[in-house]
Amino acid sequence: MDAFSYLSVLLSIILGLAITQLLQGFGQMLQGRERVRWHWPSVLWMVSLLLIYVQSWWAMFGLRDVKVWTFGAFAVVLLQTILEYLLAALLMPPAAPEVDQRAHYFAQRRPFFATLILVLAVSLGKEVLLSGALPLSLNVGFHFGWMALSALAMVIRRDWFHRLAAVVAFAGLVAYVVLLFTQLR
């Protein structure tokens, strides 16, 4: 077994837990749907996070080319997956007799979007650490676009903005995957 095969097990477990957090929470809300006040931007963010997790796992295949792993390099990759898990933990409301998704979303918006900014910054830092350079300019552009959107979402509380932000983020994620990650490399 090579080093990356060994290290990727822990990364896959954490991403699997993040996906479980999303799917289990959504399943619980579906089961108790009569007690849930739905907020479609929250649901769209759940779908977006699922796409982020799958894309992250897909892109990690490229790390198999890293020949020498240090604990520090692995820690940065691990940090990205841990922060990705925390996004699901912040987005999913706790199990309760009554769930108001909108109220939960707005109560968690600052830590959620701050964590998303950290995920994006660590993602770029990981590339610099492992390859010695930033990724393609299109990739960097998407990262900075989401960081700017997230920073705005931290300070703007207007519902219309968060509805728009959820749609723009999802459309951007789809474009990102289609333009940069359609083939396993």
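1. α3 and α4 are roughly antiparallel to each other (an angle over 145 degrees), because they pack at an angle of about 160°. Their axes, lines fitted to C-alpha atoms over the stretch in contact, lie 9 Å apart. The helices named here are DSSP runs of H or I with at least four residues, numbered from the N terminus.

2. The model is predicted, so local features need pLDDT of at least 70 and side-chain atom pairs pLDDT 80 or more, while totals for chains, interfaces and linings use all residues. Residues are numbered from 1 along each chain as its sequence is written, and side-chain values use heavy atoms, without hydrogens and water.

3. α3 passes α4 in a left-handed crossing (the near helix is turned anticlockwise from the far one by less than a right angle). By class, the α3–α4 contact has 18 nonpolar, six polar and two charged residues. Ala, Val, Leu, Ile, Met, Phe, Trp, Tyr, Cys and Pro count as nonpolar, Asp, Glu, Lys and Arg as charged, and the others as polar.

4. Helix α1, residues 3-31, packs with α2 at an angle of about 160°, and the axes of α1 and α2 are 10 Å apart. α1 and α2 are therefore also roughly antiparallel to each other. α1 passes α2 in a left-handed crossing. On the α1 side the contact (heavy atoms within 4.5 Å) is made by S12, L15, A18, I19, L22, F26 and M29; they meet V43, M46, L49, L50, Y53, S56 and W57 in α2. This contact of α1 with α2 has twelve nonpolar and two polar residues, and no charged ones.

5. The axes of α5 and α6 come within 11 Å and cross at roughly 165°. That angle makes α5 roughly antiparallel to α6. The crossing in which α5 passes α6 is left-handed. Among the residues that make the contact are F142, H143 and W146 of α5, and F161, H162 and Y176 of α6. The contact of α5 with α6 has 15 nonpolar residues, four polar and no charged.

6. The largest pocket (an open set of 1 Å grid points with protein on both sides within 12 Å along at least five of seven lines) holds about 790 Å³ of space. It is lined by 35 residues, and those closest to its centre are Q55, A59, E127, N139 and F181. Two or more lining residues come from each of α2 (40-59), α3 (71-91), α4 (101-131), α5 (137-155) and α6 (159-180). α4 gives the largest share of this pocket lining, eight residues. The lining of the largest pocket divides into 20 nonpolar, nine polar and six charged residues.

7. How many cavities of 30 Å³ or more does the structure hold? There is one cavity of that size, a cavity being a set of points where a 1.4 Å probe fits but cannot get out. The largest cavity has a volume of about 40 Å³. It is lined by L90, L91, H104, Y105, Q108, R109 and F112, where lining residues have an atom within 4 Å of a point.

8. The elements that give two or more residues to the lining of the largest cavity are α3 and α4. The largest share of the cavity lining, five residues, comes from α4. By class, the lining of the largest cavity has four nonpolar, two polar and one charged.

Key: Grid points are joined across faces, edges and corners, and a volume is the space filled by probe spheres set on the points. Axes are lines fitted to C-alpha atoms, for helices over the stretch in contact, and angles run from 0 to 180 degrees between N-to-C directions. Angles under 35 degrees count as roughly parallel, over 145 as roughly antiparallel, 65 to 115 as roughly perpendicular and the rest as oblique.
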